[in-house]
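User: I have this model on my screen and want to know what stands behind the labels. Please set each value against its definition.

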Amino acid sequence: MLKQVSIFRRRYATMLGLSVIVLAGGAAFAQDTPSADSSPSPRERELRGQLKNILQELDELKQKQDGGTSESERPAIIKEKTEAPSGLSKDADHESASAAEPDFELADMSIVSKRFQKRPEGVSLSATVPSETDSQPTRTMKESMESLPGVVLRQANGPRDFSIMIRGQGAKTTFAVREIKIYEDGFIQTQSDGLSRLDIHDPWFMRSVDVIRGAASSLYDNYALGGMVHFRTRRGSDINGLETFFSGGSYGYQKYGVAIGQETERFDIALFGSQVAEDGFIQHSNYNTQTLNFNLRFKLDDKQTFFFKGITNWLNTKVPTRLNQAQFLADERQAGTDAVSRNQSRVDRRTIVGGIYERQIGANTVLTIEADYDVKDIQQSFAQITENTNPNYKHYTDLRHDGSLGSMPLRSYVGFFVNQMEQKANSFQNLGGGFGTKGRLLQNSRGSIFNIGGRFREELEFLPTWILAAGLGFEQSRISVSSTNYSSTNGSITSTPSLSRTFDNWAPELALIWKPVDGYKYWMRGSTGYGIPTMSNLLRDPVTGQPGQNFNLKPQKNVNVELGTDMQLHPTLIFHLVGFWTFYRDEIITQTISSGNTASVNADSSEYRGVETSVDWRPVTGLRLSGAYTHIDARYINFSDRTNAFISRDGKKVANVPTDVFNGKIAYDHEPTGWGAWFEGSYYNSYFLNNSNTFGIPSYMIANINVHKHFEFKDSSWFRFAKLYVEVDNIADRKYAASGTVIGGETHAAAAGQQAFFAGYGRAVYAGVTLGFF
């Protein structure tokens with residue numbers, strides 16, 4: 001053991017030394033020339049960059065002189081353009097995707113301070129606009145994120161527990177989120193074993209959600225097979241006082257929220273709290289959940305900022321069982337087999353506390369250091385009753401530099417990370433009887449996951465309108481796990497499997513970007529992703545499906561190739577189009593071996609290809625027409641599935657991957673009166689749920705409508721505003737299956753008997769009010 005620790009220390013020291021060499025080498029040829037926006041010549045870019053830094057420093061000095069001057073009276077470091085496109089009023093409020101494009105978009109602003117921090121070039125990135133949560137205080141993240149191309153969310157085991165799929169990655173997850181990296185305000189939400197849950201993210205706290213689509217392990221390391229999702233909460237400057245929120249509606253839904261925020265010369269403070277409860281549309285799905293989210297940004301001086309964040313979530317929810325076809329057709333709201341007798345439920349607690357330190361070392365170099373403690377404590381009652389505790393320590397350090405290589409602008413990035421998670425778990429018999437009573441101890445397990453690695457990226461503008469981006473990431477992961485299994489009849493020990501595995505993964509990336517004129521960008525990108533097996537993957541014998549060791553299971557890896565464009569076809573019209581082809585190797589598949597025993601194996605190869613497109617058109621002041629469409633064709637290339645025998649699945653479609661998804665929205669806000677409304681429609685085509693492609697989930701289309709009103713109280717010193725909304729979801733009361741899962745069954749009849757569906761909500765009416773004080 002001491003020898004292994006010594007090896008890890010030597011490798012970490014080696015990587016740290018290499019980073020210093022890379023950075024020093026870059027600094028040797030990277031002159032202190034600020035990066036700038038694309039323009040006809042590198043010299044003009046240089047001057048623009050110098051002007052940006054000068055204005056930023058003048059702004060900071062001005063803030064010191066102004067003292068208590070309100071933010072609205074001071075120039076912002078990052079601000080929106082005030083010029084409106086021809087034919088539009090200059091008083092119109094246009095967001096990041098509108099014609100009044102911001103000087104620096106929200107995704108180009110440091111999460112810690114207000115410094116300009118350019119996003120990576122050559123990636124497929126899209127973001128929700130603030131109105132998605134402002135005029136529609138959403139119940140779940142699905143309601144705002146489904147407006148983004150390539151992103152699909154499906155109901156899992158809880159009120160805010162949704163699985164996320166990006167370009168087919170994450171499709172086989174029956175609960176929570178896997179194969180996608182999750183962040184909130186720069187803090188990693190994905191634990192070291194690759195699991196993320198959306199329970200901890202309250203939509204009312206959010207300003208926007210950024211999504212990078214496509215394999216991105218060179219940027220975000222382990223588990224970024226599908227990409228990255230970054231939730232951004234509102235800052236204190238967005239609140240500037242006290243806000244309260246109340247909402248109620250169908251199926252016993254009720255939500256109470258409070259937000260307190262303020263920005264001063266040195267501080268930006270935001271505190272959110274919410275309480276949500278509901279009886280649920282499906283029987284045995286009632287829940288109660290509370291969330292606290294505290295954010296403190298402290299400007300130490302002109303060059304240093306510290307960001308403290310604390311999040312905690314308590315969840316107590318009942319969980320129904322998925323329905324087979326006959327059950328769904330008979331009554332889609334029923335609790336499902338054994339859900340009540342087992343008292344299926346989740347009592348989960350999760351807390352994340354951490355800090356980010358940002359220092360501007362020079363005019364063009366910024367250091368970021370993050371560290372957090374993340375603990376998950378869960379008690380869940382299903383076929384077995386489980387108790388699980390996962391303390392997790394996470395850290396990353398990033399260094400960014402804007403310089404030049406000769407006369408060519410060069411942006412450099414180098415980063416390191418280390419994280420470790422422990423697991424302590426016990427599983428008991430569920431004696432049923434409607435109480436979820438514990439029976440005999442069936443298994444206890446202990447394990448740990450340790451990840452350490454580094455990454456770098458260079459973006460070189462080798463011609464005035466051409467950028468070459470290249471990056472590389474490396475990570476070493478070590479998993480150690482042991483378990484003791486007991487007999488369900490007499491409690492005797494039946495087996496004691498244990499396993500230690502070490503995985504080394506590399507993630508290269510290369511992109512070429514062309515920006516011929518302002519408002520037009522084209523790129524092609526090749527990127528890679530990887531995800532190591534989980535502890536539970538490794539503790540099942542792949543031959544018998546019984547508890548044991550899985551020594552041959554490999555990390556799953558993919559190569560993403562894409563061609564994309566962002567085009568501002570008109571000052572009021574933005575169009576986004578991406579074609580992608582993802583090549584998967586050793587995709588981890590769960591197979592049913594016999595009598596319900598399952599094990600994980602690698603599918604040799606599969607391919608995911610498709611198209612993502614979105615449009616945002618604002619023809620007149622206040623009117624916005626937007627839409628997003630995704631098409632995916634996912635097939636196995638070389639995979640033998642195990643049922644009663646090995647069956648080739650070559651050419652079969654990958655189960656549970658939607659083929660066609662469309663979301664369209666028409667929104668209008670009349671600023672002089674404060675009235676607004678929107679109408680939204682979503683369509684999901686049918687797709688297969690089993691590997692034999694004989695059984696699928698039906699297609700469906702639903703529509704929602706919302707009317708809202710904004711009151712401003714300019715003459716009151718107590719009340720600032722009131723926002724009211726009324727919303728009707730699933731207007732036609734359509735019966736539909738909103739969520740499926742991968743199931744067995746070779747024939748249609750056999751698959752129809754599997755537990756596959758969660759029903760979507762029927763017609764529901766919600767209303768709420770947000771009040772702004774002081």
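**Strands and their partners**

Analyst: In strand S34, Glu727 is the residue opposite Asn706. The model is a predicted one, in which local features need pLDDT of at least 70 and side-chain atom pairs count only at pLDDT 80 or more, while totals for chains, interfaces and linings use all residues. Residues are numbered from 1 along each chain as its sequence is written, and side-chain values use heavy atoms, leaving out hydrogens and water.

User: What makes S33 and S34 a pair?

Analyst: Pairing requires at least two bridges found by DSSP between two strands. S33 and S34 share eight bridges and pair in the antiparallel sense, so they meet the requirement. The two strands form a hairpin, with six residues between them. Strands here are DSSP runs of E with at least two residues, helices are runs of H or I with at least four, and both are numbered from the N terminus.

User: Which strand is joined to S33 by ten bridges?

Analyst: That is S30 (residues 675-684), which runs antiparallel to S33 (residues 700-712). Within this pair, Phe679 stands opposite Ile705. In the chain as a whole there are nine helices and 37 strands.

User: Why are S2 and S6 said to stand at the edges?

Analyst: Their sheet is open and mixed in pairing, and its five strands follow the order S2-S7-S8-S5-S6. S2 (124-127) and S6 (187-188) each have a single partner strand, so one side of each has no neighbour in the sheet. The partner of S2 is S7 (residues 206-213), with four bridges between the two antiparallel strands. Ala127 has Asp210 in S7 as its bridge partner.

**Buried and exposed**

User: Why does Phe774 count as exposed?

Analyst: Exposed means over 50% relative accessible area, buried means under 20%, and partly exposed is in between (1.4 Å probe, protein chains only). Phe774 has 51%, so it counts as exposed. The residue lies in the segment after S37, and its phi is positive, near 60°, although Phe774 is not a glycine.

User: What makes the nonpolar surface patch, and which residues are in it?

Analyst: Patch residues have over 30% relative accessible area and no salt bridge; nonpolar side chains (Val, Leu, Ile, Met, Phe, Trp, Tyr) are joined within 5 Å, like charges within 9 Å. This patch consists of Phe711, Phe713, Trp718, Phe719, Leu724 and Phe774, and covers about 610 Å². Such areas are calculated by the Shrake-Rupley method with a 1.4 Å probe, with only the protein chains shown as cover for residues. The chain exposes about 31,100 Å², of which carbon and sulfur atoms supply 59%.

User: How many residues does the largest nonpolar core have?

Analyst: It has 30, and Phe272, Phe328, Leu689, Phe695, Ile697, Ile743 and Phe757 have the most contacts inside it. S11 (267-278) is one of the elements that supply at least two residues of this core, as are S10 (253-263) and H9 (748-752). The most come from S11, which gives three. A core is a set of buried Ala, Val, Leu, Ile, Met, Phe, Trp, Tyr and Cys residues joined through side-chain atoms within 4.5 Å. Another core, of 22 residues, lies apart from it and includes Val601, Ala603, Ile632 and Val657.

User: What does Phe757 touch?

Analyst: Leaving out residues up to four places away in sequence, its contacts include Arg322, Phe328, Leu689 and Ile697. A contact needs heavy atoms within 4.5 Å.

**Salt bridges**

User: Why is the pair of Arg609 and Asp633 called a salt bridge?

Analyst: A salt bridge needs a side-chain nitrogen of Lys or Arg within 4 Å of a carboxyl oxygen of Asp or Glu. The closest N and O atoms of Arg609 and Asp633 are 3.5 Å apart, so the pair qualifies. Arg609 in S25 (residues 597-617) and Asp633 in S26 (residues 623-638) are 24 residues apart. Arg609 is partly exposed at 35%, whereas Asp633 is buried at 15%. A separate network, built of salt bridges that share partners, includes Asp402, Arg411, Arg457 and Glu459.

User: Which parts does the salt bridge of Arg207 and Asp238 tie together?

Analyst: The closest N and O atoms of Arg207 and Asp238 are 3.7 Å apart. Arg207 is in S7 and Asp238 in H6 (residues 236-239), so the pair ties together parts 31 residues apart in sequence. Arg207, at 28%, is partly exposed, and Asp238, at 33%, is partly exposed.

User: How many salt bridges does a search of the whole structure find?

Analyst: The search finds 41.
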